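Morning, everyone. I'd like to walk you through one structure today. Please have a look at it first.

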Amino acid sequence: MTRRLRTLLAAPLVAVLLAGGCGIPDSTEVQRVGPGPSTGVSTGEDVTPTRHDRLASSDRDTFVRNYLEAAAGDPNTAMERVKQFLSPTAASSFDPAAEVRVVHLVDTPLVNPGSVDVLLRAQTVGVLNHNGILDPSADDSPQEYTLTVSSSPGQTGLFVTKAPPVLLISDDALDRFYERRKLYFWNHEYTGLVPDERYLPRDLPSEQQPNEIIKWLMAGPSPWLGNAVETLPEGTALDGNVPAPSGEKLQINLSGQAVRPPDDQTKLDRLRRQLMWSLRSGQWNTLELKVGNQNSIEYTGTDYYTSNPAYALETTPERFLVYNGQVRRMSGPPYASDPVPLLRPEDNRFVRAAALAGSGSRRFAALVVTSGGREELRVGAGAAGERVALAKISLPKGATGQPVWAITSAEPGAPAIGLVTVGGRLYSFTTTEGSSLTKVDGAGDGITAVAVAPDGRRVALVSRGRLSVAALSTSGASVRMLPAEQILTAPLKQVSAVDWSSETWLTVAGARADKSRVAIFEMTIDGSFVSERLADIGTETVSYLTAYPVSPISGTESSDTIAYVANGDAFDVLSDPVRITVADLAVAVPNPPSGVKPTSPSFLR
C-alpha cells in the first residue's frame, strides 16, 4: 500500500479497478481532464511556451483555440496579441476590460460548414487580474460565445471579424502560459504563514519576477483571504528594482516603513521569512535584505522553513481507523506498535469518527461517540505519550460529520480549535475546559463536509453538492468564516467529499458530469486545473475522504496517502482502490466479529 502515484498524475492513466461490493467495473479507461500538479517553485529558467499566431492554422477549430491563448501571458501586451487575430475593422472597435476571463470549453468549437460563425460553449473558471489573482466564478452554468471567423480579401489566412467584447483564454492556455506561484502572508497571531496562489506569466523574464512578486505582496492578499491574514505595513515600497540574482544571492531594498520601529528585530525576522517563502527559487540561496537606512543583513539556509506549518508535514504519516467502536492504529510505519495518542481505554469505546492531531510534542483528540442513544463530542489535549480524560461536549440534533482540527499549538495550555458539521451547519469547539459547541458565524447551512488546510486558516467545504473555499478569522477561541468562494468542478456534477492534497491542491470525490459514475480528482483550489486520480470507482457515493497533504518542499503537489469510504467500506487510493480490512490493523484481532468493517480512516494531522 505504499506505492507512489506522483508519476501517474503527469500522464494519462489506464487503471484496472478492483471488482467488489461497491460496483467497481473490471476495467475502465481513464482520460486525463487537465494538467497534473506541479511544484509551483520557479527554477529560474525562462521557459516560454510556443505561441501560435494568426497564420499558424487555417482550420477554424484550431484557429479559435489559438485565439483563446492570445491574451495569455504578459498583461502589458495582451491586447496587442489579441488584435493580431482581428481584422482591421474588428480591431479598431475592440475595447474590452483589462481583466482576462478564463473559460473551460464544455464542447469542441461548433463549426458549421458554409457558416462563418463559430460557437463556443464554456464554463467560466474565473477572472484573472493584473496581480495574478484568479477570482473564481460562482456561476458554473455554460455560456455561449460567438466568433465570426472568415478570410479577408487580399489577405492571407483567417481573421476574427467579430469577437465577444472580453479577453478570453482557455484553462489550457492558463496552464501553458502561467506559472503557479504561492505568496505568503502571516496569520494574525504570527504563528505561521498562509499561502495565496497567484499566476505569473511565463514570458516574464526571470530577472523581473522578484519585482512582480514583491509588488503583489505589497498590494495585499486575495480578496477571499482578506481579514484572515496580515498585510505588509502601510508605506512598504521597493527602493529601486530588485536586480537579477548574482552569485546565488538575491538583493532586496525596501523602504523604512516595512519595519516599524526600525530596530524591531522580531518584525524584521518575520519580514525576511515571508519574503524567502514567497520568492523561494532555485536561482538563489541567500537573501540580502536592506530596510530603510539600516545595514543590509544576509540570510542563508533554510531556517525560514519552520514559519510554514505545512513544512512540518511528515513524509509517512501515522495512520488510524475506527474498528468495532475503537480507534486503532493501522499497520506499517511509523509507530505502528505505539498506543493511540491520548486515549484511555475507557474513552476509546463506541467511537464513530475520530480526529487526531499533533503540534510539536502536543497531541489532540476529538471523538464522535454514541452515548445513551445519542451522539456526543469528546475532546482532549496533552503531551505525547500521555493519556488524558476527554471532556464531553453536547451536540445538537442532526447528522454529525467528521471532526477536524484547525488551529493547534505546541504551547502547553494553549487552546486548540476544531470544526465539525452537525445537521448541515458548521460548529467550532476547543480544548478549553468547560467549553461548548459554537456555531461558526458566516458559514451558512447545507454543509456536509469540511476540510482544513495545513495552515489552519483556510477551509474547503462541500455544501449541497457544491465545492467552496473560505478563510477562518479567529479572535481568541471564537471562529468566524469569511465569505466563501464557490469553485468550478468541471468534471463533477456533484461533489460529496473533499480534503487537502497539499497547500493549494484539493482531492475531491463525487459524481462525474459525463456519466453516472463516481470518481476522485485532484484540482487546484481555484478550479483551474483538474486531473483524474481514480476515474471510476463505481456508483456508490463517497461519504468520506481523507488525504495527508504533502509538504511544500516535497517537490510535488499531490498527496501519496488518500483513503475514502463508500457504502460503509473503506479503501486506500493507490493506482486503483484497495479495500481496507481487519488485516490492516497494527494489532491483530483474533476471531474478528462477522460483519464488522474498519471505517473512518484518518491520519495524525
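Strands β32 and β33 make a hairpin, with four residues between them. Before I go on, the ground rules. This is a predicted model, in which local features need pLDDT of at least 70 and side-chain atom pairs count only at pLDDT 80 or more, while totals for chains, interfaces and linings use all residues. Residues are numbered from 1 along each chain as its sequence is written, and side-chain values use heavy atoms, with hydrogens and water left out.

Helices (H or I, at least four residues) and strands (E, at least two) are DSSP runs, numbered from the N terminus. Two strands pair if DSSP finds at least two bridges between them.

β32 covers residues 492-500 and β33 covers residues 505-512. They pair in the antiparallel sense over seven bridges. Ala497 sits opposite Ala509 in β33. Is β32 enclosed or open? Seven of its nine residues are buried, so β32 is largely enclosed by the rest of the structure. Buried here means under 20% relative accessible area; exposed is over 50%, and partly exposed lies in between (1.4 Å probe, protein chains only).

The order is β32-β33-β34-β35, and the pairing is antiparallel. β32 and β35 (530-534) stand at the edges with a single partner strand each, so one side of each has no neighbour in the sheet. The twist averages 35° from one strand to the next. Angles run from 0 to 180 degrees between N-to-C directions, and axes are lines fitted to C-alpha atoms, for helices over the stretch in contact. Next along, β33 pairs with β34 (residues 518-524), antiparallel, over seven bridges. There, Val508 has Phe521 in β34 as its bridge partner.

Now another open sheet, also described as having four strands. Its order is β18-β19-β20-β22, with antiparallel pairing. β18 (351-359) and β22 (391-394) are the edge strands, each pairing on one side only. Here the twist averages 20° from one strand to the next. β20 (residues 374-383) pairs with β22 in the antiparallel sense over four bridges. Leu377 has Ile393 in β22 as its bridge partner.

On to the helices. Which residues of α5 are buried? In α5 (residues 209-219) they are Gln209, Pro210, Asn211, Ile213, Ile214, Trp216 and Leu217. What covers them includes β10 (178-186), β11 (193-201), β12 (249-254) and α6 (265-278). Just after α5, Gly220 takes a positive phi of about 100°.

How do α5 and α6 cross? Their axes come within 11 Å and cross at roughly 130°. That makes α5 oblique to α6. On the cut-offs, under 35 degrees is roughly parallel, over 145 roughly antiparallel, 65 to 115 roughly perpendicular, and the rest oblique. Contact means heavy atoms within 4.5 Å.

Next, the cores. A nonpolar core is a set of buried Ala, Val, Leu, Ile, Met, Phe, Trp, Tyr and Cys residues joined through side-chain atoms within 4.5 Å. The largest has 57 residues, of which Ile252, Leu275, Leu289 and Leu506 touch the most other members. α6 gives the most to this core, with five residues. A second, separate core of 41 residues includes Leu128, Leu147, Leu168 and Phe529.

Take Ile252. Leaving out residues up to four places away in sequence, Ile252 touches Ile214, Leu238, Val242, Leu275, Leu279, Leu287, Glu288, Leu289 and Lys290.

Val291 is in strand β13 (residues 286-291). Val291 counts as buried because its relative accessibility is 7%. Beyond four places in sequence, Val291 touches Leu254, Ser255, Gly256, Ala258, Val259, Leu268 and Leu271. Val291 and Ser554 are 263 residues apart in sequence and 32 Å apart in space, C-alpha to C-alpha.

Then Thr561, in strand β37 (residues 561-566). Buried or exposed? At 16% relative accessibility, Thr561 counts as buried. Setting aside neighbours within four places in sequence, Thr561 contacts Pro317, Arg319, Thr546, Ala547, Tyr548 and Phe603.
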